[in-house]
Amino acid sequence: MEANLLRVEELIRDAFREHSPEVILVPEGCSSPNVFAKVLLGSARPVDGQPFQMLTRLARELGCVIGGGFVAVRGNDTFGTYVLAEPDGSIHLHDKDIPTAWENNYYRRGDDAGVVRSNSLDCRVGLMSGWEWARSGTSRRVRQAGAQLVLGGMCWPSMPTNWPGPLKLLTSREHRIWKEQARALPGQVARITGAPVAIASHVGPITGETPLIPGLRWPTTMIGESQICDRDGMVLARLSEEDGEGHVSAEVQLGEPAPAESIPDSYWIPRM
């Protein structure tokens, strides 16, 4: 975790030097990627611990809004928390509302509104973390609250990339589908909420464990798709899986939300 946080701080500083932005985002799980692995059972940190201190310190030092997520301990529980830190010391926390799949090993669901008022940006900000982005209910909640900007992070691991025979055919197919869904999702959320969107996503190879099959490794990749979109869903800046680690920037216009699409009746926005 300490090495991850050092690398994240380097990336934040590098992004600030190159872009002089008002907002810098890093993914959910920035201190420890969100995969199925026993080692992550020890990854939670106090809500005001190392990841929180890094994000809030850099927001004050660099004079910009900084967002990032980690598994946070509060009381007797842990949550998938996304932090939005402002230069004036204001702090906004959002807990992922529904843990998906193996996330239930690591934290419980949150119940906050997920929409905050940013003094620095002078607007209402919807915060989304992980597969909250992919659920219609999240966009409904954010849209009903009148968010003018949607920010957050993603940690989307794919299927195993080197399992043999028929399994490889299946996992390769799923990988292609998931990449297409991840690429389309930020623009879909922008059109549904009627607000500009920025999402920071994990990218690159990673190995976890296979649920229900002890000892079988899960070699995979984080599929990336860090994007900035305007409220019509046009992609203004993007980092794909092939681009790898880095940072991009774009300017968006803030105003009252103007949804271009209705909220889907389905549970998921993509056809999961």
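A residue is called buried under 20% relative accessible area, exposed over 50% and partly exposed in between (1.4 Å probe, protein chains only). The structure is a predicted model, in which local features need pLDDT of at least 70 and side-chain atom pairs count only at pLDDT 80 or more, while totals for chains, interfaces and linings use all residues. Residues are numbered from 1 along each chain as its sequence is written, and side-chain values use heavy atoms, with hydrogens and water left out.

Helices (H or I, at least four residues) and strands (E, at least two) are DSSP runs numbered from the N terminus; two strands pair if DSSP finds at least two bridges between them. The parallel strands β7 (residues 123–129) and β8 (residues 149–154) are joined by five bridges, and Leu 127 stands opposite Leu 151 in β8.

In helix α2 (residues 50–62), the buried residues include Phe 52, Met 54, Leu 55 and Leu 58. Their cover includes α1 (2–19), β2 (45–46), β3 (65–74), β4 (77–85) and β5 (91–95). Just after α2, Gly 63 has a positive phi of about 70°.

There are 21 salt bridges, each defined as a side-chain nitrogen of Lys or Arg within 4 Å of a carboxyl oxygen of Asp or Glu. Arg 7 pairs with Glu 245 in a salt bridge whose closest N and O atoms are 2.5 Å apart. This pair links helix α1 to the segment after β13, 238 residues apart. In the salt bridge between Glu 9 and Arg 57, the closest N and O atoms are 3.0 Å apart. Glu 9 is in helix α1 and Arg 57 in helix α2, so this pair ties together parts 48 residues apart in sequence. Glu 9, Arg 13, Arg 57 and Glu 61 are linked in a network of salt bridges. Glu 241 forms a salt bridge with Lys 179. Glu 241 is buried at 17% relative accessible area, whereas Lys 179 is partly exposed at 21%.

Technical notes: Contact means heavy atoms within 4.5 Å.
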